[in-house]
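Me: I have just opened this one and have not looked at it before. Can we go through how the helices pack?

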Amino acid sequence: SDLEIGIVGSGSMGSGMTLLFSEKGSVVGCYDYDKEAVERVLDQAKEDENVDTSKVHGFTSLEKLFNAFPKGSGGDKKKPRMFVISLPHGKPVDGILDELLPLTEEGDIIIDGGNEWWEDTERRQRKAKDHGVQWIGMGVSGGYQAARHGPSISPGGDKEAYDYVEPFLDKWAARAPNGDACVEYMGPGGAGHYVKMIHNGIEHAHMSILCEVRAILYHQLGLSNDEISNMFESWYKKGPLRGNFLVGIGYKGLRFQEGDGIKDKRGIVEGIEDKVTQDVDKSEGTGTWSTKEMAERHVAAPAIAASHQLRVISANKFERLEVADNLDMPQPKTGSIDDKTKEELLDIVEQAVYGGILGGFIQGLQIISRASTDQKWGIELAKCLRIWRAGCIIQSDAITEFLMPLVEPFGPSEPLNLLQSIPEVAKELRKTYEPMKKLYAYAVEVDAVAPAVGATVEWLKAVGGRNLPTDFEEMELDYFGHHDYDLKAKTEKGSHKGRYHTEFQST
Ligand code: 6PG
């Protein structure tokens, strides 16, 4: 059957990619150990009028998958065999690597298209390289629909291997409004998976802001699902949140009616349990990794951290309800908003959401920039913004159009603090401070849960603060820990450089 690409894993992403790649002209072999999963893909191919079924082949044996490539392509560096893995991160990928390696020949290229922790990607790259095989860690964003119709793609790894796969990725990737393919080589090693991980961190911050705001609009301001949906739709169509994917699916989801429509006028959301668990393994995932990274790299990204923590708190509802019994907290107040306050809040809510979403981008980009410098990956932030123009979950047309030209002049060499080096970005974010503050102040007043909104407000106050409360912290640190401190008067005058210590306790 002369395969061009083998896809390992026939879950929702793997099957989407199988159909997409074959639609784009490649002969694809899909493999899964689960026969039913493979049969499902073959059935989908039959039902899909854009797919030529002669281009899709199913396998439940890896050996057969390998043998279905044209004779001589194994080991041929000009036409290497190419595999895309689409499996849950961690152990499943290590398992498949061990199964694949004995079958590979020098020159073969394996692309891991799942989410993955970047150090695991680099470990596998080294292991594969010992067999003469190139391993590319590739972020694929946009969910199963995008996997089928064109995802946003962030590959990283060996450049030579990337150059070989680039024309393929180019065909598969989503298209930006100007027709550019949303795929760019991010850098060597785990750079591609890193960018995808932080993409998800940003995604989580954005989802948190939106769910916090939706809850306030619904429960405190008393808006109906339809009213909120219309509001989100207008944001999606025009203004600073234009083209924001999560706002877009938000308004469609709120309007969605199952069957004949839900009779008591409740929407889908009201029937959904308020808990968000982690996907594969409870202790891991892109949100956990992003949070760990911001701590290790010393980059402040509190909205990303807060969103992850809300998710963690939400996950175990049983435990949460017992804690709630013990704490007996005031629950978010409902049903008593005066017209004036409501009107004032409705006036600023779009700007407040915009501030949170822009803030999420800035925080995430700064983590990437710092990591890229530390790891010498040479990731250009403009490349991230370019591939986020379409196909991915954090797509936000007006924001990328604003940020891209401002970030483009900066190369990958130095960590970029956008709020320091790009005054236009600082100014834009600044405009959202009062709206965010107003919304957050209201949330505090009515006991609404809004950690990502609050974290963004506090972040802005701190990064924009000329004097932080941390002088007292320095004093205490020196008191108990001989931590030393800088002296204002001395640093200002430039004399007596260096740290000072006070013996607070007489011995
Ligand atoms: C994307 C998503 C996707 C996400 C999974 C699982 O960009 O398409 O970010 O990769 O990771 O849908 O979601 P969680 O990891 O957040 O549970």
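Reply: Start with α11 and α12, which are oblique to each other. This is a predicted model.

Me: What angle do the axes of α11 and α12 cross at?
Reply: Roughly 140°. The axes of helix α11 (residues 286–296) and helix α12 (residues 302–315) come within 9 Å.

Me: Is the crossing of α11 and α12 left-handed or right-handed?
Reply: The crossing of α11 and α12 is left-handed.

Me: And which residues in α11 and α12 meet?
Reply: On the α11 side they are Gly287, Thr288, Ser290, Thr291 and Met294. On the α12 side they are Ile304, Ala305, His308 and Arg311. Sorted by class, this contact has three nonpolar, five polar and one charged residues.

Me: What about α8 and α12, what angle do they pack at?
Reply: Helix α8 (residues 191–220) packs against α12 at about 70°, and their axes are 8 Å apart. That makes α8 roughly perpendicular to α12. The crossing of α8 and α12 is left-handed.

Me: Which residues make that contact?
Reply: From α8, Gly201, Ile202, His204, Ala205, Met207 and Ser208. From α12, Ala303, Ile304, Ala306, Ser307, His308, Leu310 and Arg311. The classes in the contact of α8 with α12 are seven nonpolar, five polar and one charged.

Me: Another pair, then. How do α14 and α20 sit, roughly perpendicular or roughly parallel?
Reply: Roughly perpendicular, because the axes of α14 and α20 cross at roughly 70°. Helix α14 covers residues 339–375, helix α20 covers residues 451–463, and their axes come within 10 Å.

Me: What meets what there?
Reply: Gly355, Gly356 and Gly359 in α14 meet Ala452, Val453, Thr456 and Trp459 in α20. By class that is three nonpolar, four polar and no charged residues.

Me: Changing topic: how is the protein divided into domains?
Reply: Domain 1 is 5–189, domain 2 is 196–253 + 344–463, and domain 3 is 467–507. The C-alpha centres of domain 1 and domain 3 are 56 Å apart.

Me: Last one, what is the mean pLDDT?
Reply: The mean is 94, and 94% of the residues reach 70 or more. The model scores ipTM 0.95 and pTM 0.96.

Definitions and conventions
Residues numbered from 1 in each chain as written. Predicted model: local features only at pLDDT ≥ 70, side-chain atom pairs only at ≥ 80, totals over all residues. Axes fitted to C-alpha atoms, helices over the stretch in contact; angles between N-to-C directions. Helix = DSSP H or I, 4+ residues; strand = E, 2+ residues; numbered from the N terminus. Parallel < 35°, antiparallel > 145°, perpendicular 65-115°, else oblique. Left-handed = near helix turned anticlockwise from the far one by under 90°. Contact = placed C-beta atoms within 7 Å. Nonpolar A, V, L, I, M, F, W, Y, C, P; charged D, E, K, R; others polar. pLDDT = per-residue confidence, 0-100. Domains from an automatic or database assignment.
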